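Colleague: Before we talk about details, could you put the model up and take me through its overall form and its aromatic side chains?

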Amino acid sequence: MDTAFRQVRLFCLSVVIACTLICGAVIYSNYKSTAYRESRIYVLASGKAIEAFAGDRKENLPVEARDHVRTFHKYFFTLDPDDKVIQSNITSALYLADGSARSLYESLKENNYYTGLISGNISQEIEVDSVALDMNAYPYHFRCWATQQIIRPSSITQRNLITEGWLRNVSRSDNNPHGFLIEKWNTLENRDLKTEPRH
């Protein structure tokens, strides 16, 4: 009788310990799973769900800064012979930069640059080759190297473009999703590389 009681007690104690370990493992697994799910979100883009990860902004700061510079240059320099396209792109670009970009826009407008694009059926495209950032000092200095294509009815001209400026943190918005503002934007070089006739 005494032996049976000891065996039952040992069995019950083993079951309690096993249940405690299993409960602990389930709680830990649930915690890890919840933390993993909370660090991810899904963003809808063009009807497709894209997985995104939560992270500290400092981790992504250089990537966001380079994309901000690329986006600004794309809007400012990608132009078609259509007044509405020009206005839309320039408006989007001016949300990303200070008065230095507006000054250049106003100067080009006064010199009938945009009117010449429309009347001459000229398109302008840009490919940003690289963006160098100095993240050691604030505001962050950048230099951008890009290649422009000016497409005329009779020829295509390639131009080398180098610009620089500084990035300052601002609030994020629909018009400025990266939360940067380009300041003291300056064109260092904008020269023709080659012109080829169109066939």
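Modeller: A compact globule of 199 residues would have a radius of gyration near 16 Å, whereas the protein chain has 29 Å (taken over C-alpha atoms, the globule rule being 2.2 Å times the number of residues to the power 0.38). This is a predicted model, in which local features need pLDDT of at least 70 and side-chain atom pairs count only at pLDDT 80 or more, while totals for chains, interfaces and linings use all residues. Residues are numbered from 1 along each chain as its sequence is written, and side-chain values use heavy atoms, with hydrogens and water left out.

Colleague: Why is the pair of Tyr-105 and Tyr-114 called tilted?

Modeller: Rings of Phe, Tyr and Trp (its six-membered ring) pair if their centres lie within 6.5 Å, planes under 30 degrees apart counting as stacked, over 60 as edge-to-face and the rest as tilted. By this rule the count comes to eight aromatic pairs. In the pair of Tyr-105 and Tyr-114 the centres are 5.4 Å apart and the planes lie at 45°, so the pair is tilted.

Colleague: Is Tyr-114 buried or exposed?

Modeller: Buried means under 20% relative accessible area and exposed over 50%, with partly exposed in between (1.4 Å probe, protein chains only). Tyr-114 has a relative accessible area of 7%, so Tyr-114 is buried.
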